[in-house]
Protein chains: 2
Amino acid sequence: MTADDMTAALVERRRRLLGPAYRLLYDAPLHPVRGEGVWLVEADGRRVLDCYNNVPSVGHCHPRVVEALSRQAAILNTHTRYLHDTVLDYAERLLATVPAEIGNVMFTCTGSEANDLAVRVARSVTGHAGFIVTANAYHGVTATVAEMSPSLGTAVKPGDYVRTVPVPDVYRDGPEGAAAAFTRAVEAAIASLAEAGMRPAALLFDTVFASDGVAVDPPGFVAGAIAAVRAAGGLYIADEVQAGLARTGSHMWGFERHGVVPDLVTLGKPMGDGHPVAALLARPEHLAEFGARSRYFNTFGGNPVSAAVGLAVLDVIRDENLMDNAASTGRRLHLGMARLAERFPVIGHVRSAGLYMGVEIVTDAVSRRPSGALAARLVNGLRTQGVLVGVSGPAANVIKVRPPLPFGAAEVEIVLDRTARVLGDLEAQGALT
Amino acid sequence: MTADDMTAALVERRRRLLGPAYRLLYDAPLHPVRGEGVWLVEADGRRVLDCYNNVPSVGHCHPRVVEALSRQAAILNTHTRYLHDTVLDYAERLLATVPAEIGNVMFTCTGSEANDLAVRVARSVTGHAGFIVTANAYHGVTATVAEMSPSLGTAVKPGDYVRTVPVPDVYRDGPEGAAAAFTRAVEAAIASLAEAGMRPAALLFDTVFASDGVAVDPPGFVAGAIAAVRAAGGLYIADEVQAGLARTGSHMWGFERHGVVPDLVTLGKPMGDGHPVAALLARPEHLAEFGARSRYFNTFGGNPVSAAVGLAVLDVIRDENLMDNAASTGRRLHLGMARLAERFPVIGHVRSAGLYMGVEIVTDAVSRRPSGALAARLVNGLRTQGVLVGVSGPAANVIKVRPPLPFGAAEVEIVLDRTARVLGDLEAQGALT
């Protein structure tokens with residue numbers, strides 16, 4: 001069998017066993033067998049540079065994380081119905097990274113579970129039904145949060161208690177009106193809920209708006225909208241599954257860039273460097289009512305092994321200065337991509353905070369029309385050139401770059417070089433005009 | 001500080017950090033620091049016999065599981081949007097344990113997520129809204145499955161699309177009418193849904209009815225109810241989070257004891273010997289429609305590390321004959337407990353399948369009135385004597401015994417000896433009359 005035949009056989013076996021709901025990335029699916037730092041190694045030995053995975057946040061298979069995992073797994077792995085110090089040490093370390101108003105941690109296994117629990121708490125605290133999310137939001141796959149995730153497509157009917165708001169388009173409309181536009185949209189959503197006899201339980205958004213095509217500027221543009229939802233008796237839930245844990249470079253959490261302390265914060269993907277660790281952070285006054293009425297137990301959430309892993313990830317971020325690295329490497333990547341945009345006008349806009357970057361691909365600089373087709377060719381071209389990125393946004397035309405945090409200057413040069421090469425090839429084929 | 005002061009300080013620190021929604025087991029909370037096989041070791045060095053935890057299914061910190069976890073975590077930990085052999089090997093091994101009609105696996109991290117996904121699939125396949133669950137069911141903590149978990153108490157409002165049915169009380173009503181009673185109850189639930197303009201999407205139950213006080217006999221008593229729900233166009237979802245993975249001794253899965261192949265099967269707790277591994281098994285025809293319309297991705301679900309762990313657990317069950325052990329040890333435990341019931345009439349009824357046992361505690365053998373207070377004294381007395389068990393049932397009067405699977409004859413003698421000792425002490429105090 002050729003390598004292509006082997007891949008085809010594996011794809012077919014996968015479809016037979018896992019069924020039709022699973023999707024693969026890239027026209028030529030990736031088949032990694034090993035990971036180290038910011039690199040993955042495929043079955044045929046090719047090395048690919050990982051600029052896509054924010055889950056292995058401190059690098060694939062970081063030795064200190066693996067060591068913490070292996071050590072604790074050999075000693076004890078129970079649950080939160082017994083006393084254990086490590087889960088409390090981890091809770092304390094997490095809480096030390098957030099403003100003092102946020103005082104409690106509840107542990108789950110996935111970001112979906114964290115958002116689902118935040119929804120339960122928000123309903124319980126406010127007694128309200130309505131939720132306001134962004135137009136192409138993704139918050140998870142439970143039945144409830146799927147109803148608040150329009151990016152899942154038309155198969156999932158949005159809840160009739162859900163209102164969506166557009167994310168300001170700074171590229172086309174400029175940064176000046178962003179705050180006012182977002183505030184007006186949330187005010188309109190509150191009015192629409194009121195017309196249906198509902199009040200908002202919460203405004204829930206991802207603090208870098210990752211699935212909406214990445215929106216990070218101007219800092220503070222969400223403040224007016226949060227004030228509006230609070231005035232209507234609703235909470236502000238910051239979904240940090242994408243933005244969180246040092247990635248934005250300037251702060252540990254995405255919400256800090258915007259200067260407003262949330263009521264509830266949900267965490268997930270990067271917490272465990274690949275292992276299932278997630279959490280809800282909350283202001284104690286919100287849990288007082290919920291906890292008095294409802295007990296909560298998550299079998300695996302907050303077990304000693306996941307707590308040891310979570311602590312190791314925090315240690316590595318501190319000891320390897322990964323937040324500073326996200327800031328400096330992110331800046332270098334941004335500048336380099338902006339230079340490429342001068343040469344290739346199909347790069348319409350580059351926006352980033354630390355190592356979360358969106359690169360908007362358009363047909364041309366005048367019309368600024370989104371081109372999902374061109375973005376797909378670029379993503380697949382980069383994959384062939386050994387660089388992994390993804391796409392985002394309602395038109396799937398925003399290249400999403402969010403590598404593991406130990407991404408350095410040498411890796412930036414590779415990304416820029418390969419991007420120039422793929423775009424140059426497309427240009428030579430006449431695909432950019 | 002005394003040991004008690006240290007425990008109190010830890011309890012207080014825990015409450016401060018994790019908030020008020022968490023509960024601890026036992027009047028004297030457990031503080032384990034090490035686990036090995038069927039034993040836990042507390043911070044003060046005391047060894048306690050674990051007859052409660054079904055999550056560390058093949059024994060606490062089984063070396064082969066720890067080795068598989070550590071090895072794969074050091075090599076690669078990615079996700080199901082890339083190709084990987086191990087997750088397919090695991091899927092194949094799981095599917096080899098179920099009837100041929102069930103052909104697909106979808107991976108999640110928790111049983112809650114598996115049940116939540118089953119609900120989404122059942123809604124999508126049937127187009128119906130109604131769900132039928134048992135009167136004291138527990139199926140998880142997402143917003144949706146919490147609405148199908150009456151055992152969570154009055155703080156969670158049951159969904160208006162949910163109907164509950166009582167589990168047959170074989171102890172008080174005898175086994176003869178159990179099947180007919182359960183069928184009638186489900187038929188009534190279908191009728192009640194119809195009155196509200198709804199049809200059943202599914203009948204969902206735990207195949208040992210763990211939270212309803214444990215109900216295992218007579219085998220097949222659920223068949224008529226399943227036929228009724230299918231006749232009404234609904235699916236049968238078997239929740240195997242409690243019963244599954246060799247525990248019942250006679251079969252790998254609880255549903256097999258009852259002789260009906262489910263439409264959907266949900267797995268959880270015991271899959272990973274403590275690590276977050278869970279899954280939905282499905283007949284392919286049900287996923288065909290769901291998968292064509294909806295994509296599914298669970299960031300951590302089905303990652304190579306959890307697949308390696310799941311495979312190691314299956315290997316250990318096979319190589320250590322743990323299913324046969326569950327049958328033989330379970331029989332020995334059942335016989336011994338039945339002998340104790342002759343001496344202590346407060347043991348009203350002993351019921352078990354393999355190593356899942358319910359011991360119903362009553363005030364006296366004549367009235368057969370449930371005594372949750374006495375059950376609590378027994379559970380806390382056993383904890384003091386170094387034996388961990390739990391309670392179940394709407395009256396919290398059923399002692400739940402479900403140790404790790406490598407539980408042997410020597411451990412059975414300890415449980416029986418300590419139970420006799422605690423009941424003897426209670427008798428001497430006049431608490432049994």
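## The contact between chain A and chain B

In this predicted model, the contact between the two chains draws 94 residues from chain A and 94 residues from chain B. Between them, chain A and chain B bury about 8400 Å², of which 58% lies on carbon and sulfur atoms. On the side of chain A, the residues that lose the most area to chain B are Tyr82(A), Leu83(A) and Phe300(A), which together account for 10% of what that side buries.

The polar part of this contact can be described by two counts: there are 44 residue pairs in polar contact between chain A and chain B, both residues being at pLDDT 80 or more, and there are 6 salt bridges between chain A and chain B. One of the salt bridges joins Glu92(A) to Arg16(B), with the closest N and O atoms 3.6 Å apart.

Several elements of chain A each supply at least two residues of the side that touches chain B, among them helix 1 (3-18), strand 1 (32-36), helix 2 (63-75), helix 3 and helix 10 (284-293). Helix 1 of chain A gives the most to that side, with 9 residues. Sorted by class, the side of chain A that touches chain B consists of 51 nonpolar, 26 polar and 17 charged residues.

Arg81(A) is placed in the loop between helix 2 and helix 3 of chain A. Arg81(A) has a relative accessible area of 18% and therefore counts as buried, the cut-off for that class being under 20%.

When neighbours within four places in sequence are left aside, Arg81(A) is in contact with Arg295(A) and Phe297(A) of its own chain, and with Arg14(B), Arg23(B), Leu24(B), Leu25(B) and Tyr52(B) of chain B.

Over all chains, the count comes to 42 salt bridges. In one of these, the side chains of Glu42(A) and Arg383(A) meet with an N to O distance of 3.0 Å. Because Glu42(A) belongs to strand 2 (residues 39-42) of chain A and Arg383(A) to helix 13 (residues 372-384) of chain A, this pair ties together parts that are 341 residues apart in sequence. Both Glu42(A) and Arg383(A) are buried.

A salt bridge also forms between Arg93(A) and Asp315(A), whose closest N and O atoms are 2.9 Å apart. This pair, too, links distant parts of the chain, since Arg93(A) lies in helix 3 (residues 85-95) of chain A and Asp315(A) in helix 11 (residues 304-319) of chain A, 222 residues apart.

## A network and a buried pair

The salt bridge of Arg93(A) with Asp315(A) takes its place in a network of salt bridges that links Arg64(A), Arg93(A), Asp315(A), Arg318(A) and Asp319(A).

Elsewhere in chain A, Arg351(A) and Glu360(A) form a salt bridge in which the closest N and O atoms are 2.9 Å apart, and both Arg351(A) and Glu360(A) are buried.

Notes
Residues numbered from 1 in each chain as written. Chains lettered and ligands numbered in written order. Predicted model: local features only at pLDDT ≥ 70, side-chain atom pairs only at ≥ 80, totals over all residues. Heavy atoms only, no water. Salt bridge = Lys/Arg side-chain N within 4 Å of Asp/Glu carboxyl O. Helix = DSSP H or I, 4+ residues; strand = E, 2+ residues; numbered from the N terminus. Buried < 20%, exposed > 50% of the residue type's maximum accessible area, 1.4 Å probe, protein only. Contact = heavy atoms within 4.5 Å. Buried area = accessible area lost by both parts, 1.4 Å probe. Polar contact = N/O pair within 3.5 Å; in protein donor to acceptor, adjacent residues only side chain to side chain. Nonpolar A, V, L, I, M, F, W, Y, C, P; charged D, E, K, R; others polar.
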